[in-house]
Amino acid sequence: MDEIWKKNRYLEIGASHPEAARIRRLLGDGSAEDAGLCVLDGYWALEKAANAGMKVLSFVFCPELLTSEEAGRLFKKYTELTGNVYSVSKKTFARLTERDDLVGMTACAEFPRWTGEDLSGAKLLAVLDGLETPGNIGTVLRTCDGAGVDGVLVVNRKAKIRSQKVIKASMGAAFTVPMIEFSSVGECRDWLSARGFSVYLADTRAERDYDTEPYRFPAALVAGSERYGISRDWYDGSENMIKIPMRGISDSLNVGVAASIFLYEMSQRLHAEL
């Protein structure tokens with residue numbers, strides 16, 4: 001491994017260098033100048049991002065931490081993806097990651113930007129209304145990837161979509177599942193209506209169960225906030241409410257788990273029609 005970076009003299013930087021400072025900001029709340037960027041923290045994130053064709057702005061590595069063949073392969077790949085390659089000490093690298101195990105490589109990349117055109121012809125969508133927990137958002141993204149859901153619409157956003165927790169929980173699906181954010185429920189509803197979507201609200205008060213509902217496609221499932229549920233603006237008397245029957249002492253499931261159950265059922269129905 002030593003020969004790989006000794007062959008090229010990469011700039012050695014400290015924690016105060018602008019690129020190191022940007023990575024630290026992105027691991028926190030970020031700033032306006034960091035909009036649209038994310039950190040690729042760990043081997044699997046680096047691999048998934050490269051496979052997704054994401055634009056890499058910079059790559060930072062710690063020589064003394066890179067000892068495996070996998071590290072050598074990823075190092076070679078990322079030094080080909082960007083010319084902005086920096087070497088740091090182990091102490092500095094520890095400040096550029098949220099991981100307990102220091103893998104020795106991280107990168108700054110442009111998070112995918114999606115538009116309505118990317119969802120042209122979509123048949124099944126998930127709508128996240130006010131979800132606050134990054135892990136739940138990541139779970140839904142991972143489910144969408146697995147179930148073949150075409151994309152995710154986000155409204156009343158309460159969590160940072162580009163956060164490490166979302167990326168990790170999604171197992172990289174955040175890099176490939178199209179996500180579009182709307183400024184209001186009204187804007188989102190109009191977008192769905194203009195494209196002929198039937199909207200289904202995941203609501204524990206529903207009279208109909210998710211596995212007996214005669215779904216009409218294209219369809220969108222709305223999952224609401226962990227604390228407050230679905231926004232009132234979705235209800236106007238014409239809504240389709242569906243529920244998962246609860247046969248124990250709990251009155252509902254975690255939103256990530258519940259959305260996964262709904263979406264897989266809807267996906268099965270959709271593909272049965274195709």
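I began with Glu239 and found that, leaving aside its neighbours within four places in sequence, it is in contact (heavy atoms within 4.5 Å) with Leu201 and Trp234. I note that this is a predicted model, in which local features need pLDDT of at least 70, side-chain atom pairs count only at pLDDT 80 or more, and totals for chains, interfaces and linings use all residues. Residues are numbered from 1 along each chain as its sequence is written, and side-chain values use heavy atoms, with hydrogens and water left out.

I placed Glu239 in the loop between strand 11 (219-224) and strand 12 (240-243), strands being DSSP runs of E of at least two residues and helices runs of H or I of at least four, numbered from the N terminus. I looked up its accessibility and found 25% relative accessibility, so Glu239 counts as partly exposed (between buried, under 20%, and exposed, over 50%, with a 1.4 Å probe and protein chains only). The side chain of Glu239 reaches the backbone nitrogen of Gly237 at 2.8 Å, and a polar atom of that side chain lies 2.9 Å from the backbone nitrogen of Asp236.

I then turned to helix 6 (residues 134-147) and helix 9 (residues 255-273), which pack at an angle of about 15°, with their axes 9 Å apart. Helix 6 and helix 9 are therefore roughly parallel to each other, a label for angles under 35 degrees. For the contact I listed residues including Asn136, Thr139 and Val140 of helix 6 and Val255, Gly256 and Ala259 of helix 9.

Technical notes: Axes fitted to C-alpha atoms, helices over the stretch in contact; angles between N-to-C directions. Parallel < 35°, antiparallel > 145°, perpendicular 65-115°, else oblique. Polar contact = N/O pair within 3.5 Å; in protein donor to acceptor, adjacent residues only side chain to side chain.
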